[in-house]
Each structure stands twice: as C-alpha cells, then as structure tokens.
Amino acid sequence: MSIDTRELNLIVQTLVEHHLIDDLCEPIKSGKEATVFRCSGHSDSSHRQLALKIYRDQEHRSFKNDALYREGSAIYRIGGGKTRAARALRAGTRFGKRVQEGTWSAHEWSTLELLYANGLRVPEPVYTTDGAILMELFACADGSVAPPLARARLSSDEAQALFAALCDDVERMLGLHLIHGDLSPYNILWNGESYCIIDFPQTIDPRFNRSARQLLERDIANVGRFCARFGTIEEPGVVAAEMWSRFQLGEVC
Ligand SMILES: Nc1ncnc2c1ncn2[C@@H]1O[C@H](COP(=O)(O)OP(=O)(O)OP(=O)(O)O)[C@@H](O)[C@H]1O
Ligand SMILES: [Mg+2]
C-alpha cells in the first residue's frame, strides 16, 4: 500500500513539533487498511518507541463487509440519524464519503481511549491527527516489536491461561458495549510473556447491531481455535453462548 508522501511528511512534522516523536523509522506492516510504522520517541516523551498507524485513503480502502460493522455505529445514530452527515453517509454522496474519511480512524482512537482508560491490555493511545494514530509500541524485552500471537508456540498452561484471559477481556469489552469484531491471533500481539490487543476500527456496539452475537461468537472461536492447538481449553461456543446470555440478562458490567 502506498501512502501519499506529502501527507506522511505533514503528519510526521506535526508529531515532531509536538515533541512526541524524534523520527519515523521503518514500516512494521502494511495491512489492508493501514500502514504501521515504528517511531523513536522524543526525549520529552515517556515512550522510547511508538507505533504510528496511518490509514489508507478512502479510495483504496478494502474493509471487509463495511455494512455489517457500520450498522448501529455512532455516526449513523447522531441526531436520531437525521443529521446531514448521517443522511449523506447512508446515501453515499460525495459529502458522505468525506464524512466517512476519518470515521474509521476516529472510531479506533475513541475505542482505544475507552479501553485503555478501563485497564484493558491495549496500546496506550498517545495522539491522533488526520487519519493517523500514534500509540504505545508493544515490544519484547529486548525492545524489538512484538510479533502477532499467530507466530507464537505456547505451552499447554500458557494456552489455557491466555484463552481464559482473552475471554475475560472480551467480556469486559462487552460490559463497555464493545465487540472487537475482528479478534484473531493476528490482532493480538505476544511478546513471549504477555499480550496486547490491537486493531479496533471495526468494533461494534452490541446494543445496536443485529450481528452482535455472531461477531462475539466468531471472535471467541478465532482465539479458541488458536489456543486449542496447544492444549485443552473450554469449548469456545459454550463460552460465547454463556457470555451472551449474561449480557442479555444485564449481568455483564
Ligand atoms: N501498538 C503496536 N505495537 C506494535 N506493533 C503494532 C502495533 N500496532 C500495530 N502493530 C503491527 O502492525 C500490524 C498492523 O496493525 P493493524 O492490525 O492495527 O492494522 P491493519 O491495517 O488492520 O492490518 P491487518 O490488515 O494486517 O489487520 C500488526 O499486525 C502489528 O504487527
Ligand atoms: Mg490487523
């Protein structure tokens, strides 16, 4: 994926001027929706390294199944869904496309803020500007960037503990009215000792999305399938069903 160099330079300039980063280093990964770069932290910053996620522009974005995730998202509900922005978004007009630009990154930013403030294992959000998010870089003990969990080899005890901890996180998120919606061993980083959940542009509010239960089940099944390769874990389908009924009974908080 290519990022407009001028746009990238402007973002970097802003971050340097705000004494947040010293320099932009190598790209960590160029994904479907964004490119993530490693940055060295400014001497004034408490972070030695940071991750800068820059969203792909609207034209070249390929979010899978946009509509599924957009159902019930805040922007459509503002003003009872009757605002010009909400109408334009639904109609897909040019103005609507401009509104949509930035909504994915804004959504990821506000989700990160909420989850971090509530003590979930997510990168600390540091700054956001125009389709870019600067956050804590999740690293290994030697300072190298932590790889996705998908590459890890776990002991049976680790797999069991990790699955239990992740289900606990999923339930805490549900209590905050959030379902990740794309949880998988690729959106969880593992540094050999602990983990960090990333990539939140598609989170949904289970109160306003008819696919909520299905997305919750899929998130738990994805991590369950991975952990089950290394040891016996609780049945993911049962975990999800029980969690969903606790949510419906108002017992998740
Ligand atoms: N805070 C972070 N610390 C360390 N590495 C990170 C961080 N955020 C993202 N990464 C790395 O960048 C990759 C892409 O990030 P992310 O999943 O948020 O973007 P994406 O565009 O959705 O990518 P993909 O299409 O691969 O899911 C991650 O798989 C991870 O390797
Ligand atoms: Mg991802």
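The chain has nine helices and seven strands, where helices (H or I, at least four residues) and strands (E, at least two) are DSSP runs numbered from the N terminus. This is a predicted model, in which local features need pLDDT of at least 70, side-chain atom pairs count only at pLDDT 80 or more, and totals for chains, interfaces and linings use all residues. Residues are numbered from 1 along each chain as its sequence is written, and chains are lettered from A and ligands numbered from 1 in the order in which they are written.

Of the 253 residues in the chain, 34% are buried. A residue is buried if 20 or more other C-beta atoms lie within 10 Å of its own, exposed if 12 or fewer, and partly exposed in between, with C-beta atoms placed from the backbone. Among contacts with a separation of 6 or more, 59% join residues 24 or more positions apart; two residues are in contact if their C-beta atoms, placed from the backbone, lie within 7 Å.

Helix H1 covers residues 5-17 and reaches 18 Å from its first C-alpha to its last, close to the 18 Å expected. The expected span of a helix is 1.5 Å times one less than its number of residues. Histidine 19 follows H1 and has a positive phi, near 55 degrees.

Aspartate 199 lies in the loop between strand E7 (195-197) and H8. Aspartate 199 counts as buried because it has 23 C-beta neighbours inside 10 Å, and its phi is positive, near 70 degrees, in a residue other than glycine.

Strand E3 (49-55) also meets helix H6: the buried residues of H6 pack against E3, strand E4 (125-129), strand E5 (132-136) and helix H7 (156-175). Those buried residues are Trp104, Ser105, His107, Glu108, Trp109, Thr111, Leu112 and Leu115. H6 is followed by glycine 119, with a positive phi near 75 degrees.

Helix H7 holds alanine 164, which is partly exposed because it has 14 C-beta neighbours inside 10 Å. Alanine 164 and glycine 224 are 60 residues apart in sequence, yet their C-alpha atoms are 9.5 Å apart. Glycine 224 is one of the buried residues of H8, and the cover over the buried residues of H8 includes H7 and H9.

Helices H8 (residues 212-228) and H9 (residues 236-248) pack at an angle of about 145 degrees, with their axes 9 Å apart. Axes are lines fitted to C-alpha atoms, for helices over the stretch in contact, and angles run from 0 to 180 degrees between N-to-C directions. The contact is made by Arg213, Leu216, Glu217, Ile220, Ala221 and Gly224 of H8 and by Pro236, Gly237, Val239, Ala240, Met243 and Trp244 of H9. By class, this contact has eight nonpolar, two polar and two charged residues.

Note on methods. Ala, Val, Leu, Ile, Met, Phe, Trp, Tyr, Cys and Pro count as nonpolar, Asp, Glu, Lys and Arg as charged, and the others, Gly among them, as polar.
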